[in-house]
Amino acid sequence: MKREHPLPTVDVIIEVSGGIVLIRRRHPPDGWAIPGGFVDAGERVEEAARREMREETSLEVQLIDLLGVYSDPARDPRGSTISTVFIGRAIGSPKADDDAADAGIFDEQHLPAPLAFDHARILADYFRYRRTGERPRLA
């Protein structure tokens, strides 16, 4: 049954020593991704973000900023989602768990491919924001 409304999700660009954390997805759609997932019923997006980071990367993440909200109906091939994207910081090395098959630390010049969903756009927005302080543009 096709759902009528988009589902809320969260993603966190985790800053660690040496770059940012990305995960390789265990389940389709394949590719590397910003760690994240669905918001559970009764859960605040901030709580969901911290929970998903523990589940997928084994890192305790401090949320430090809100990058933006991404809602292109085509952003997820499984169905429409709206993602609240945070910037977070953590200490330590990520360890893939839950829906993550692998985890790594990458910088802007050495991003893995392919990137899942609309994460290439989100990461471009993030790196521009870090360089210039300019927030992502509204579509």
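Is Ala116 buried or exposed? Ala116 is buried, with a relative accessible area of 3%, where buried means under 20% relative accessible area, exposed means over 50%, and partly exposed is anything in between (1.4 Å probe, protein chains only). Keep in mind that this is a predicted model, in which local features need pLDDT of at least 70 and side-chain atom pairs count only at pLDDT 80 or more, while totals for chains, interfaces and linings use all residues. Residues are numbered from 1 along each chain as its sequence is written, and side-chain values use heavy atoms, with hydrogens and water left out.

**The overall layout**

- The chain has 2 helices and 7 strands; helices (H or I, at least four residues) and strands (E, at least two) are DSSP runs, numbered from the N terminus.
- Taken along the principal axes, the C-alpha atoms fill a box of roughly 45 × 35 × 30 Å.
- Contact means heavy atoms within 4.5 Å, and among contacts between residues at least 6 apart in sequence, 70% join residues at least 24 apart.

**Surface and charge**

- Of the 139 residues, 45% count as buried.
- The chain exposes about 7600 Å², and carbon and sulfur atoms supply 51% of that area. Accessible areas come from the Shrake-Rupley method with a 1.4 Å probe, and for residues only the protein chains shown count as cover.
- There are 19 positive and 24 negative side chains, and the centres of the two sets lie 3 Å apart. In this count, Lys and Arg are positive and Asp and Glu are negative, while His and the chain ends are not counted. The place of a charge is taken as NZ of Lys, CZ of Arg, CG of Asp or CD of Glu.

**The nonpolar cores**

- In soluble globular proteins, nonpolar side chains tend to be buried together.
- A nonpolar core is a set of buried Ala, Val, Leu, Ile, Met, Phe, Trp, Tyr and Cys residues joined through side-chain atoms within 4.5 Å.
- The largest core has 15 residues, and the ones touching the most other members are Ile13, Ile20, Leu22, Leu67, Ile122, Leu123 and Tyr126.
- β2, β5 (62-70), β6 and α2 each supply at least two residues of this core, and the largest share, 5 residues, comes from α2.
- Leaving aside neighbours within four places in sequence, Ile13 has contacts that include Ile20, Leu67, Val85, Ile122 and Tyr126.
- There is also a second, separate core of 13 residues, with Val12, Leu59, Phe86 and Ala90 among them.

**The loop between β7 and α2**

- Ala116, our opening residue, sits in the loop between β7 and α2.
- Not counting residues up to four places away in sequence, Ala116 touches Arg25, Asp30, Trp32 and Ala33.
- Ala116 and Pro77 are 39 residues apart along the chain, and their C-alpha atoms are separated by 9.8 Å.
- Phe117 is in the loop between β7 and α2 too, and its phi is near 55 degrees, a positive value in a residue other than glycine. Phe117 is partly exposed, with a relative accessible area of 23%.
- Pro114 belongs to the loop between β7 (100-106) and α2 (119-132), and the peptide bond from Ala113 to Pro114 is cis, with omega near -5 degrees.

**Other spots to look at**

- Asp98 lies in the loop between β6 (81-89) and β7 and has a positive phi, near 55 degrees. With a relative accessible area of 34%, Asp98 is partly exposed.
- His119 is part of helix α2 and counts as buried at 2% relative accessibility. Leaving aside neighbours within four places in sequence, His119 is in contact with Asp11, Ala33, Ile34 and Arg75.
- Glu43 is found in the loop between β4 (36-38) and α1 (45-57), and is buried at 18% relative accessible area. Beyond residues up to four places away in sequence, Glu43 touches Phe38, Ala48 and Arg51.
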